[in-house]
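Me: I have a model open on my screen and would like to walk through it with you. Shall we take it one question at a time?

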Amino acid sequence: MSPSETADSSASSTGRPATERRRPRGGNPIRVGLLGCGVVGGGVLSLLEKNSAQLAQRVGVPIVVSKILVRDLAKPRAPQAAGIALTTNADELLNDPEIDVFVEVMGGLEPSGQLIEDALRRGRCVVTANKALLAARGTALLELAAHHQVDLAFEAAVGGGIPIIRTLRDAAASDEVFALAGILNGTSNYILTQMSEAGVSFEGALSEAQAKGFAEADPSLDIGGFDAAQKLLVLAMLAFGAKPPADLNALLVEGISALSPIDIEAASKLGYSVKHLVVGRDHGSAVELRAHPALVRQSSVWANVSGAQNAVKLEGRALGPLFISGRGAGDMPTAVSVVADLIEVGRSLVAGVPGMVTGARPIQARSLMPRSEFELRYYLRFEVSDRLGVLARIASALADHGVSLSQVSQSEGQGERARIILVTHRAKEGAVRAALQSLAPLLPESPVLLRIEEL
Ligand code: NAP
Ligand code: HSE
């Protein structure tokens, strides 16, 4: 859907949206249509019930969930859902004139995307936790919301309970944010923590993360790095005004599923922890966007972000560095962010004015920095035949491509094999990969390359 389509399809002959923004109705409650009632939806119901009096005080009127959309009526629900109309028919919510705000906590691209569009076109505000949808269609949805003068709020989409969207949208609005980094996937961070600190297997730790409600319905989004990459795109949209590319694979996306305990242990001996990171930097002519596992110094704050915790660092020209961390997944932290949005949207409804703006910068398509241009330090592990001169040939191939080494270690592997671990000085990734390519005939198996992040 293009911006012009969104505008044209619903504009009247006066140029104003055909559907007027819903007006507040005296002292009546804000009525919510809840789209989805799983992990996050259950948390939202629980918070709304537990803190109803304080929420009513903040908004000026009570917030009430009037209908809930689910897929399976027979599934057990959070106890707070008892007494609220439950349906599998989305039209029952969309056509309900009493509903002021839709809270979308279903996930996936469809039918959630269509439901959000329908709600915005009908002049209803929307709160969503759906980073997959925002990464795919965020720009168009924001334009649609602006066109209909309604709010589209998505604090819960990035960082669970961490107020990072608000920070970018409001707190840093007068600044130019030029760099950001983060640990943004709670499931991956939980798995890496359990593997490195408690000796739990990858599969065991993933099952634990699923049982705790951290993982996506499709956990390959978490362990494949895609969930973190989607969140990076949402942040880059607000921070750098970078329109998310149509294909997520346009940026560098690597997950933790291929990580070997050998490298986690070797990194630890070198003084590093392995974390799944996202990194974004606005270079002016291009934006650098990447999501991948990386080595961080054990002495850095990043190494202490453990379990399902998330962390984000922003760097603004005026503000300097800002680091924020907290619980990044799970029902209650995520619900706190959803309800924070509901409070803001509710207050704007009561005041009768749209409350939301996006980032400080207009959103437009930006060029992505090619991977070959990334300039970092690298950890390289080679499993080689234990023969005279192999280490020298590897070092010389790297030197031929202008890659210098800061650390070298060799140990005996199994049988006739030896293990060589190298740490490079800063180098262009293209040069490192070209050196590894030239070594391919010498190596019985592909070397392991991990990036080292000095954040
Ligand atoms: P979940 O537990 O799987 O819940 C999804 C809910 O949506 C379920 O109630 C499901 O109904 C309903 N649903 C899904 N597809 C539907 C359809 N086609 N029609 C009607 N109902 C449908 O997921 P979740 O963990 O709460 O996550 C929800 C959203 O929040 C996702 O976008 C996720 O990325 C995001 N999020 C999650 C977390 C977290 O820690 N879990 C944190 C931040 C953001 P049934 O119950 O009947 O199956
Ligand atoms: N699956 C996500 C995670 C949920 O593990 O971080 C929070 O967005």
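Me: Happy to start with a single residue. Is Ile164 buried or exposed?
Reply: Keep in mind that this is a predicted model. Ile164 is found in helix H7, residues 164-171. Its relative accessibility is 0%, and the cut-off for burial is under 20%. Ile164 therefore counts as buried.

Me: How far apart in space are Ile164 and Ser337, C-alpha to C-alpha?
Reply: In sequence, 173 residues separate Ile164 and Ser337. In space, the distance from C-alpha to C-alpha is 9.9 Å.

Me: Which residues touch the most other members of the largest nonpolar core?
Reply: Nonpolar side chains tend to be buried together in soluble globular proteins. Here the largest nonpolar core has 88 residues. Those touching the most other members are Ile68, Phe154, Ile164, Leu235 and Phe240.

Me: Which helix gives the largest share of this core?
Reply: The core draws at least three residues from each of domain 1 and domain 2. Its largest share is ten residues, and they come from helix H11, residues 226-239.

Me: Which residues is Leu235 in contact with, leaving aside neighbours within four places in sequence?
Reply: Leu235 is among the core residues that touch the most other members. Its contacts, with those neighbours set aside, are Val158, Ile164, Ile165, Leu168, Leu180, Leu184, Phe240 and Val312.

Me: How many residues do domain 1 and domain 2 each bring to their contact?
Reply: The domain assignment gives domain 1 (20-160 + 332-351), domain 2 (164-327) and domain 3 (372-452). The C-alpha centres of domain 1 and domain 2 lie 27 Å apart. Their contact takes 18 residues from domain 1 and, from domain 2, 20 residues.

Me: Is Asp341 buried or exposed?
Reply: Asp341 is found in helix H13, residues 331-351. Its side chain reaches the backbone nitrogen of Phe154 at 3.2 Å. Asp341 also touches Val127, Ala153, Glu155, Ala156 and Arg166, among others. With 1% relative accessibility, Asp341 counts as buried.

Me: Now the ligands, please. What percentage of the accessible area of ligand 1 does the protein cover?
Reply: Ligand 1 is surrounded by 24 residues, the closest being Asp72, Lys75, Arg77, Glu216 and Gly330. Oxygen atoms of ligand 1 lie 2.8 Å from a backbone N or O atom of Cys37 and 2.9 Å from an N or O atom in the side chain of Lys131. On its own, ligand 1 has 890 Å² of accessible area, and the protein covers 87%.

Me: And what percentage of the exposed area of ligand 2 does the protein bury?
Reply: Around ligand 2 there are 13 residues, and Lys131, Gly186, Thr187, Phe214 and Asp222 are the closest. A backbone N or O atom of Gly186 is 2.7 Å from an oxygen atom of ligand 2, while a nitrogen atom of ligand 2 is 2.8 Å from an N or O atom in the side chain of Glu216. Taken alone, ligand 2 exposes 250 Å², of which the protein buries 94%.

How values were computed: Residues numbered from 1 in each chain as written. Chains lettered and ligands numbered in written order. Predicted model: local features only at pLDDT ≥ 70, side-chain atom pairs only at ≥ 80, totals over all residues. Heavy atoms only, no water. Core = buried A, V, L, I, M, F, W, Y, C linked by side-chain atoms within 4.5 Å. Buried < 20%, exposed > 50% of the residue type's maximum accessible area, 1.4 Å probe, protein only. Helix = DSSP H or I, 4+ residues; strand = E, 2+ residues; numbered from the N terminus. Domains from an automatic or database assignment. Contact = heavy atoms within 4.5 Å. Near = heavy atom within 4 Å. Polar contact = N/O pair within 3.5 Å; in protein donor to acceptor, adjacent residues only side chain to side chain. Areas by Shrake-Rupley, 256 points an atom, 1.4 Å probe, with all protein chains shown as cover.
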